Amino acid sequence: GGPLLEVRAEVKQQFLDDFGLRPNAIVQVEGKHKNLLNEIGAAAVTGVTYSVTGGAASAALAVQALLRSDHDRFMSPAEARQAKAAAEVSILGGVGRDPMGSQLS
């Protein structure tokens with residue numbers, strides 16, 4: 001799956017207008033957004049959160065949730081405890097050597 005960085009921020013309408021964005025929209029960053037991430041890192045923007053998302057990360061989280069779900073209906077209590085303890089899912093990836101990559105390190 002394609003790795004993605006999800007960035008959420010509270011911004012003013014002028015910020016959206018400057019970058020041709022709509023409120024509460026999901027966009028793929030392209031050339032016209034070149035300075036967007038730098039501006040989000042500026043002190044004028046509040047409530048900024050960064051998280052890893054994308055197909056592989058979302059699938060791993062879903063599998064982990066399923067593995068940790070209530071197994072008691074299908075297993076003995078001892079088997080259910082063992083299954084929950086073994087419910088570990090890992091993904092391996094890397095981040096770019098840029099300011100956004102350092103947010104995730």
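Me: What makes K32 a residue that F19 touches?
Reply: Contact means heavy atoms within 4.5 Å. With residues up to four places away in sequence not counted, F19 touches K32, H33, N35, L36 and E39. This is a predicted model, in which local features need pLDDT of at least 70 and side-chain atom pairs count only at pLDDT 80 or more, while totals for chains, interfaces and linings use all residues. Residues are numbered from 1 along each chain as its sequence is written, and side-chain values use heavy atoms, with hydrogens and water left out.

Me: Why is H33 called buried?
Reply: Buried means under 20% relative accessible area, exposed over 50%, and partly exposed in between (1.4 Å probe, protein chains only). H33 has 4% relative accessibility, so H33 counts as buried. H33 lies in the loop between α1 and α2. Leaving aside neighbours within four places in sequence, H33 is in contact with F19, L21 and Q28.

Me: Why is N24 called exposed?
Reply: The relative accessibility of N24 is 84%, and therefore N24 counts as exposed. N24 also sits in the loop between α1 (13-18) and α2 (36-40). Although N24 is not a glycine, its phi is positive, at about 60 degrees.

Me: What makes F15 and F19 members of the largest nonpolar core?
Reply: A nonpolar core is a set of buried Ala, Val, Leu, Ile, Met, Phe, Trp, Tyr and Cys residues joined through side-chain atoms within 4.5 Å. F15 and F19 are both buried. The largest such core has 6 residues in all: F15, L16, F19, L21, L36 and I40. α1 and α2 are the elements that give two or more residues to this core.

Me: Why is the pair of F15 and F19 called tilted?
Reply: Rings of Phe, Tyr and Trp (its six-membered ring) pair if their centres lie within 6.5 Å; planes under 30 degrees apart count as stacked, over 60 as edge-to-face and the rest as tilted. By this rule there is 1 aromatic pair. The ring centres of F15 and F19 are 5.1 Å apart and the planes stand at 50 degrees, so the pair is tilted.

Me: Why is T46 called partly exposed?
Reply: T46 has 43% relative accessibility and therefore counts as partly exposed. T46 is in strand β2 (residues 46-54). Not counting residues up to four places away in sequence, T46 touches A9 and E10.

Me: How do you know which elements the protein chain has?
Reply: Helices (H or I, at least four residues) and strands (E, at least two) are DSSP runs, numbered from the N terminus. The protein chain has 5 helices and 2 strands, and from the N terminus on the elements run β-α-α-β-α-α-α.

Me: What is the mean pLDDT of the protein chain?
Reply: pLDDT is the predictor's confidence in each residue, from 0 to 100. The mean for the protein chain is 75, and 80% of its residues reach 70 or more. Among the elements, α1 has the highest mean pLDDT (88) and helix α5 (residues 99-104) the lowest (68). Where pLDDT is low, the predicted coordinates should not be read in detail.
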